[in-house]
Structures are given as C-alpha cells and as structure tokens.
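Here are my notes from going through this one, written up point by point. Have the structure open while you read.

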Amino acid sequence: LSLIAPLAAKTGEQHCRNDEGSGSCAWYHGTLDYLRLLDLVISPHAHRDFFVPAFQGLAEGSSSHRVLVSGAGDCSMMTQVLTGFRAASVEPDITVIDRCETPLILNRWLAEREGLSIETAQSEVLDFETSHPFDVICTHCFLGYFTSEVHPRVAAKWFSLLRPGGHLLTINPIRNTPDDSLVRFTPEQAASFGERALRAAQSRPDLFGTDLDWFRKRVGEYARNFGSYPVRSAEDFRSLFEKAGFSVERMSPLSLPGTPVSASSGPTELGLLFMSVVAVRP
C-alpha cells in the first residue's frame, strides 16, 4: 500500500472518469489506498482469511482457472486471488473490470510486477459481456455502489457470466438501516473521520511527511462525496443470490478482531457486520 497509494493518487488525477454532473472520481481512487494504509477503511486484505483459502480450494478442485474481478477500486482484490491460487501452485487467468480506468491501471501495474498477464476492461458490470464464461467471480463490498432496485440485476449478471458449476465469492457489510437510502457521512461523522485520519497520518511521518494539508483536503473531499447503499439483512443478502438462480454453498458472518468500532464511522465499513457468501451456478 505504501507503493500503491501515491501511484493511485497520481493515476487518478490523470485517468479517473469525469462524469457530467458528478465530476471526477479521483476523490475516491486517489484517496482510498491512503485510508486503507492507515486502517481507516476495510480492504479485501482484511478478509484474506475468507478469500485466500476459498481461492486455494477452488484452484485445487478445477482444471480451469478463469477468474473475473468484478469491480476493483484498486488491486487489493487481485492480490487475494493471486495469493490463494498460488498457494495451490496455480497461475489464474484473471480479468479485471471496472467503470474507471484508474483501478485497471493499478491492476496492470501489479500484474507486471508479479510477472503475470491479465485482461482488463473498462465497463459497467451490467454492460460487460464475454464469450468465455468464468470459473470464479469475486468482488468485495461491491453492492454498496448500486441501489437496492439494481442489486438483483447485478446478481443476475454475475450468474450469466459464470459457467455451470462456477463460483461467486463476495463479501458485503450488513446495515440495519431504516430504509434503502444512500448512507452518507453526517457533518459530525465527517469531522470525526477527518480528525482520526489526520492523527493516523501524523503518526507516519515516514510516509506522509510533515505538511499534511494535502491529505486533510483529500480526506475532506472523500467524506463529502462517499456514500454506500445498504444491504439491510442477511436474509436479503441470501435471497438476492437465490432469486438469481444461485445455490448458496455457504454464508457466514465475519469478525475482524481489532477492527475499530465507532458510531462516528458513517458509511465507511469500520465496525460493521460483514457477511461472506460462496454461491455456485448449478
């Protein structure tokens, strides 16, 4: 992360998509890995005890190893794929898709660093098509970027992209919110989040130096813009996949010992209940 964070910030300024009306997503892709570096938000690495053994088991149980990373953010998800498959002495055939070019560049950077060839595609997941179905689809906290009305379409798309017998692995926070509205930082939560981020950065002068105005501005922009749509119960989570045609092999809550639990976390993932699922296309 100490290498990826400044690379993501620079890449985001140059390559993040700039949507009419919503502006550039550089506030997200250029800040995310600094926040992950400081343990202020959750990354796939925090759930490696779920992902890595699952990938290893799938690698050992199949002769085909086509993997789709559905939505990236950065290259943390691909790191878990590589760790799990390589534990089985298997080199996976990885495709990464994202609506923004920045995380695709980061994944290509990691692939080159690891001596691996990957495919990338800049695409909304609902628009992505392939003539070669995947053996495994994986993603992390991805449903929060879509309204509850769109969640079934995302699950159905994943189903369509898998071969029969293919597996979906994903994790999502469960938020017992009053309704399906986008969860944002309140002003008080944003202020608390910014203070915690600044304190954490001040403790790492080896990485951040002493002039932290740039980081304060980045965190402020992140807190103003970030939001997540909820999955409101474990029952909703399971039903989403079953209605899409999946058979849920296992689903379980995940605990993260040592993860800060704070009512001031707002829409970030700290302190939330996470649910993992392994689902198979019959």
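This is a predicted model: local features need pLDDT of at least 70, side-chain atom pairs count only at pLDDT 80 or more; totals for chains, interfaces and linings use all residues.

1. Start with the largest nonpolar core, which has 35 residues. The members that touch the most others are F55, M78, V81, I94, V96, C138 and L169. Helix α4, residues 48-60, is the top contributor to this core, giving six residues. There's also another core lying apart from it, with 29 residues, including V125, V154, F246 and V248.

2. Once you set aside its neighbours within four places in sequence, F55 contacts M77, Q80, V81, G84, F85, V136, C138 and L169. F55 is also among the buried residues of α4, along with F50, F51, V52, A54, L58 and A59. The cover over the buried part of α4 includes α5, β6 (134-140), β7 (162-174), β10 (247-254) and β11 (273-280). As for length, the end C-alpha atoms of α4 sit 18 Å apart, which agrees with the 18 Å that its 13 residues should span at 1.5 Å a residue.

3. Now α6, residues 101-113. This helix has 13 residues and reaches 18 Å from its first C-alpha to its last, close to the expected 18 Å. Its buried residues are E101, T102, P103, L104, L106, N107, L110 and A111. Among the elements covering them are α1 (4-15), α2 (26-29), α3 (32-37), α5 (76-87), β4 (93-98) and β5 (119-122). Just past the helix, G115 has a positive phi of about 70°.

4. S89 sits in the loop between α5 and β4, and C141 in the loop between β6 and α7 (151-161). Which is buried and which is exposed? S89 counts as exposed because its relative accessibility is 71%, over the 50% cut-off. C141 is buried, since its relative accessible area is 8%, under the 20% cut-off.

5. Last, a helix pair. The axes of α8 (residues 187-202) and α10 (residues 213-225) come within 10 Å and cross at roughly 150°, and the crossing is right-handed. On the α8 side, the contact is made by A190, F193, G194, A197, L198 and A201; on the α10 side, by F215, R216, V219, Y222 and A223. By class, that contact has nine nonpolar residues, one polar and one charged.

Conventions. Residues are numbered from 1 along each chain as its sequence is written. Side-chain values use heavy atoms; hydrogens and water are left out. Helices (H or I, at least four residues) and strands (E, at least two) are DSSP runs, numbered from the N terminus. The expected span of a helix is 1.5 Å times one less than its number of residues. Buried means under 20% relative accessible area, exposed over 50%, partly exposed in between (1.4 Å probe, protein chains only). Contact means heavy atoms within 4.5 Å. A nonpolar core is a set of buried Ala, Val, Leu, Ile, Met, Phe, Trp, Tyr and Cys residues joined through side-chain atoms within 4.5 Å. Axes are lines fitted to C-alpha atoms, for helices over the stretch in contact, and angles run from 0 to 180 degrees between N-to-C directions. A crossing is left-handed if the near helix is turned anticlockwise from the far one by less than a right angle, and right-handed if clockwise. Ala, Val, Leu, Ile, Met, Phe, Trp, Tyr, Cys and Pro count as nonpolar, Asp, Glu, Lys and Arg as charged, and the others, Gly among them, as polar.
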